[in-house]
Amino acid sequence: MENPRSPAPKPRISSSIPYYLFDMPPRASPRTVYSDRFIPSRAGSNFALFGVSSPPSAASSDAGREDGSGAYASLLRAVLFGADQPATPDLSPGVAGRVSSSTSTSSSSSSAFSTPSGNMFRYKVDVPRRSLAAQFEDGLPGFSHFHPRAPRKVPKSPYKVLDAPALQDDFYLNLVDWSSHNVLAVGLGNCVYLWNACSSKVTKLCDLGVDDSVCSVGWAQRGNHLAVGTNMGKVQIWDASRCRRIRTMESHRLRVGALAWSSSLLSSGSRDKIILQRDIRVQEDFVSKLSGHKSEVCGLKWSHDNRELASGGNDNRLFVWNQHSSQPVLKYCEHTAAVKAIAWSPHVHGLLASGGGTADRCIRFWNTTTNSHLNCIDTGSQLATLIGHTYRVLYLAISPDGQTIVTGAGDETLRFWNVFPSPKSQNTGSDIGARSFGRSHIR
C-alpha cells in the first residue's frame with residue numbers, strides 16, 4: 001500500500017534529449033559577448049592628423065555618428081578619386097540610388113572639411129602599352145629600364161691577318177681553338193702552333209712527323225692542357241706551358257676530327273663513327289663508347305653545366321647524350337647537310353644551336369629540356385657579312401673576353417674580327433679594323 005504522504009516521483013529526463021530543449025533559468029553571462037562584425041566609431045577620431053578641421057557637433061549621439069561617418073566617407077572619396085569624381089564609376093541602379101541618398105544627407109557635413117588638392121588615384125583613358133621585357137624589368141631588382149639602342153656597328157674588315165701555310169681546306173676538321181689564357185692553337189699540316197694574343201709571340205708546340213697530321217685541337221676549360229687529334233686515330237695531351245707531351249691515347253681506327261672537354265673528361269669523335277669518352281686521370285684509353293652516328297663525327301660540344309654532350313655528324317644528324325648514356329637521349333634529323341657547328345647557351349639551360357653545311361645553310365635552335373625545335377634561320381651561306389676570305393670559312397673561335405672572333409679558311413689565312421666590341425671601344429669613334437690592321441706569319 002502506497003504512502004499517501006510520500007512525495008510524487010520526479011520525471012526522469014532521457015539522456016538522449018539535448019538539455020537545451022528544456023526551460024532553464026537564465027544565468028548571468030560571465031563575460032561580454034561581441035559579434036563577428038567590427039563597426040568602427042569615428043566620433044573620437046583625430047581629424048587634425050589629416051589636416052582638416054573637426055566635424056560639427058550633432059544634437060544626439062546617433063546623429064553625430066551618422067554625420068561623422070558621412071563626413072569620413074566624403075573625405076575618403078575626395079582623397080582617393082578627387083573632388084570632381086563620382087563615388088563609384090559603375091553601380092547598379094538600386095545601389096546608385098542608395099549611394100545618392102547617403103551622399104545628399106552627408107553633403108552638408110562634408111562641406112565643412114577642406115580636402116587635399118591632389119587625389120591619390122586618377123583614372124586615365126589611355127594607358128600606354130610597353131614591351132614584356134620592360135614589365136619584367138620593373139619587377140626584378142638590379143634591372144634597368146629598357147631603352148632601344150642604335151644598331152651595333154661591326155667593322156667590315158679584319159684588324160689583323162695571320163698567314164697560316166698548310167691550313168687544310170677540309171670541312172670536317174677542327175684546327176683552331178682559343179684558350180681561356182688568351183692563347184690561340186692552330187694545326188698546320190703535321191704541326192701545332194701557339195699564338196699568344198697578348199704578346200703576339202708564336203710557339204711551335206709539336207711536330208707529328210711525316211707519317212701523321214693534325215686533324216683537331218681542343219683546349220681544356222682550365223689550365224694549359226691541349227688535346228690534339230691526329231689522322232692516325234690518336235689523341236695526344238700536351239702541357240702547353242712546358243711544351244711537353246703528357247700522354248697518347250689510341251683506340252680510334254680512323255682520324256679524330258672533333259674534341260670536347262668536360263673537366264677531366266675528354267670526348268673524341270672520329271671518322272670511324274664512334275665517340276670515345278676519355279678520363280685523363282685513369283690509365284685506360286677510354287672509359288665508355290658512344291655509338292649512334294652513321295657517318296663521321298665532325299662536331300662535339302659539352303654544355304656549360306657538363307651534363308649534356310651534343311654531337312654532329314656527316315650523316316646530317318644532331319644527337320644529345322647525357323653523362324651516363326651509351327645511346328643518344330635526343331635525336332634531331334632536320335638538317336640536310338653535315339652538322340659541324342654546335343654551341344650551347346651559357347645563359348639558358350638546355351638551349352642549343354646547330355649549323356648545317358653547304359647544302360643546308362641553316363642555324364637551328366633547340367630546347368633539349370622540352371625536346372622541341374624552337375627556330376630555324378637560313379643564313380644563305382656558311383658565313384656572310386664579314387668579307388675578306390677568298391675561300392670558304394671552315395674554322396672559327398672566340399676570344400676569352402667575348403669581343404673578338406678568329407676565322408680560318410682554305411686561303412691559308414687567319415683573320416681577326418672585332419665583332420662584339422665593348423662599349424668603351426665603340427665610343428672611341430675610330431675604326432678598329434683600320435687602326436689595328438696588321439699582317440704577319442704564324443709559322
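Cys-191 counts as buried at 3% relative accessibility, where buried means under 20% relative accessible area, exposed over 50% and partly exposed in between, with a 1.4 Å probe and protein chains only. The sulfur of Cys-191 lies 7.1 Å from the closest cysteine sulfur, in Cys-206, which is too far for a bond; a search of the whole structure finds zero disulfides, a disulfide being a pair of cysteine sulfur atoms within 2.5 Å.

This is a predicted model, in which local features need pLDDT of at least 70 and side-chain atom pairs count only at pLDDT 80 or more, while totals for chains, interfaces and linings use all residues. Residues are numbered from 1 along each chain as its sequence is written, and side-chain values use heavy atoms, with hydrogens and water left out.

The count comes to eight salt bridges, each a side-chain nitrogen of Lys or Arg within 4 Å of a carboxyl oxygen of Asp or Glu.

| Salt bridge | N to O distance |
|---|---|
| Glu-296 and Arg-255 | 3.0 Å |
| Arg-281 and Asp-279 | 2.9 Å |
| Arg-361 and Asp-378 | 3.9 Å |

In the pair of Arg-281 and Asp-279, Arg-281 counts as exposed at 65% relative accessibility, whereas Asp-279 counts as buried at 12%. Arg-361 counts as partly exposed at 36% relative accessibility, and Asp-378 is also partly exposed, with a relative accessible area of 48%. Salt bridges that share partners join Asp-170, Arg-255, Arg-271 and Glu-296 into one network; of these residues, Glu-296 counts as buried at 5% relative accessibility and Arg-255 counts as buried at 9%.
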